[in-house]
Each structure stands twice: as C-alpha cells, then as structure tokens.
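Trainee: I am about to open a structure that is new to me. Could you show me how to read its features, one at a time?

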Amino acid sequence: MPHFPARVALLLLTLYAVVPVANGQGADSYVRWSAEAVETDAEPGTNLQLALRADITDGWKMYAMDSPRPSRGVDITVTDAPADVKVVGSVRQADPREAFDPNFQIDVTYFVGTADFVFDLDVEPGVDRSSATLGFDVLFQICNDALGICLPPTTRPLRIRLDGS
C-alpha cells in the first residue's frame with residue numbers, strides 16, 4: 001500500500017499532461033464556422049440558400065447530424081429571423097464518414113477536415129438583404145481519437161447578413 005499515493009500521483013500527472021490539449025480550450029478552438037448566402041431559384045418558394053461550413057482542426061472529428069447517441073450530432077436551430085424570411089424544409093448535410101468510434105464504442109457518422117450544411121430560405125421581395133440578419137445556434141461535439149478525449153457538446157451562436165457578408 002505504500003506505493004498507492006505514488007501511483008495516484010503518476011496517474012494524475014499523466015492525465016494532467018494529456019488533457020490540457022483540450023482542457024481550458026473549448027471546441028471553438030478546434031472548429032471554425034463560416035456562412036455564405038447564395039441566390040437560387042431551384043424550387044418554388046426558395047430564393048436563398050444558406051451554406052454553413054465547419055473547418056475542423058486536423059486530428060479532430062465532428063459528429064454528423066444523424067450520428068447515434070451517445071455521440072452528439074450537429075443540431076442547427078434558427079433563433080432569430082426577420083418576419084419576412086422563412087426557413088423552407090430542413091437542414092441538409094454533406095455525406096459524412098461512417099466508422100466504429102473508440103470513444104463511444106459504437107458505429108458513428110462524422111466529419112473530418114470540413115463539414116458542410118445547407119438550408120433554404122424564402123425571402124420576401126423588398127427585404128434589404130444588406131441589413132437583414134439571420135441568427136442561429138449550432139450545437140456540435142468533437143473528439144480526438146488519438147488523444148482519447150471528447151469535448152462536451154458546444155453551442156456556437158452565429159449571425160449572418162442575408163447578402164452573405
């Protein structure tokens with residue numbers, strides 16, 4: 001039993017050496033979001049597409065919208081839209097990868113490098129797109145298999161002007 005405190009200290013030191021990579025740094029340190037609004041006339045009632053892109057740091061993966069629990073897939077919620085702007089349909093995602101996840105011990109869907117999401121908007125005529133904005137929250141979770149760590153699900157509020165800037 002005299003070695004027990006030394007073993008505990010060694011374990012804590014090891015954890016302290018590995019976990020700081022993510023400790024104190026939120027998922028925003030490893031994922032950068034951008035958005036672009038694009039004119040379209042693809043379907044009746046849709047005249048603007050909003051494209052979101054997540055740039056994911058090497059070594060990390062982000063779980064796709066359809067990834068099973070306990071992983072936490074991306075969830076995009078519009079939180080603020082002008083009255084004359086309507087979301088049409090649901091959010092679509094690029095095709096994710098699928099593989100066994102050592103963190104959750106199940107098959108999951110996920111993105112590495114980049115993740116793209118698109119949703120359609122119907123913007124009424126006369127809306128000043130240079131000043132009209134759309135607010136939304138993006139909830140996501142990332143993990144690093146090599147380090148054996150996952151960061152808690154993170155909600156990132158975003159806002160974009162409807163002219164794409």
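**Starting from one residue**

Mentor: Leaving aside neighbours within four places in sequence, Asn144 is in contact with Gly59, Trp60 and Ile149; contact here means heavy atoms within 4.5 Å. What you see is a predicted model, in which local features need pLDDT of at least 70 and side-chain atom pairs count only at pLDDT 80 or more, while totals for chains, interfaces and linings use all residues. Residues are numbered from 1 along each chain as its sequence is written, and side-chain values use heavy atoms, with hydrogens and water left out.

Trainee: Where is Asn144 found, and is Asn144 buried or exposed?

Mentor: Asn144 belongs to strand β10, residues 142-144. Strands (E, at least two residues) and helices (H or I, at least four) are DSSP runs numbered from the N terminus. Asn144 has a relative accessible area of 6%, so it is buried. The cut-offs are under 20% for buried and over 50% for exposed, with partly exposed in between (1.4 Å probe, protein chains only).

Trainee: Which backbone nitrogens lie close to a polar atom of the Asn144 side chain?

Mentor: Those of Ala146 and Leu147. For Ala146 the distance is 3.1 Å, and for Leu147 it is 3.0 Å.

Trainee: How many residues does the largest nonpolar core have?

Mentor: A nonpolar core is a set of buried Ala, Val, Leu, Ile, Met, Phe, Trp, Tyr and Cys residues joined through side-chain atoms within 4.5 Å. The largest one here has 35 residues, and Met62 and Phe117 have the most contacts inside it. Strands β1 (31-39), β2 (48-56), β5 (85-93), β8 (114-123), β9 (133-140) and β12 (154-161) each supply at least two residues of this core. Apart from it lies another core, of five residues, including Tyr63, Phe104, Tyr110 and Cys143.

Trainee: Which residues does Met62 touch?

Mentor: Not counting residues up to four places away in sequence, the partners of Met62 include Trp33, Ala54, Ile56, Val74, Phe117 and Phe140. Tyr110 and Phe111 are also among them.

Trainee: Now for charged groups. How many salt bridges does the count come to?

Mentor: Side chains of opposite charge can pair when their charged atoms come close. The rule asks for a side-chain nitrogen of Lys or Arg within 4 Å of a carboxyl oxygen of Asp or Glu, and the count comes to five salt bridges. One of them joins Lys61 and Asp101, at 2.8 Å from N to O. Lys61 is in strand β3 (residues 61-63) and Asp101 in strand β6 (residues 97-101), so this pair ties together parts 40 residues apart in sequence.

Trainee: Which residues are linked with Lys61 in a network of salt bridges?

Mentor: Asp101 and Asp145 are linked with Lys61 in that network. The bridge between Asp145 and Lys61 spans 3.0 Å, N to O. Because Asp145 sits in the loop between β10 and β11 (149-150) and Lys61 in strand β3, the pair ties together parts 84 residues apart in sequence. Lys61 is buried at 5% relative accessibility, while Asp145 is partly exposed at 35%.

Elsewhere, Asp120 forms a salt bridge with Arg92, their closest N and O atoms being 3.2 Å apart. This pair links strand β8, which holds Asp120, with strand β5, which holds Arg92, across 28 residues. Asp120 is buried at 8%, and Arg92 is partly exposed at 35%.

Trainee: Last one: which residues does the disulfide join?

Mentor: A disulfide is a covalent bond between the sulfur atoms of two cysteines. By the rule used here, the two sulfur atoms lie within 2.5 Å, and the count comes to one disulfide. It joins Cys143 to Cys150, with an S to S distance of 1.9 Å. The torsion about the S-S bond of Cys143 and Cys150 is about 110 degrees, so the disulfide is right-handed. Cys143 is buried, at 0% relative accessible area, whereas Cys150 is partly exposed at 29%.

Terms used. A polar contact is a pair of N or O atoms within 3.5 Å; within protein, one must be able to donate a hydrogen and the other to accept it, and residues adjacent in sequence count only if both atoms are side-chain atoms.
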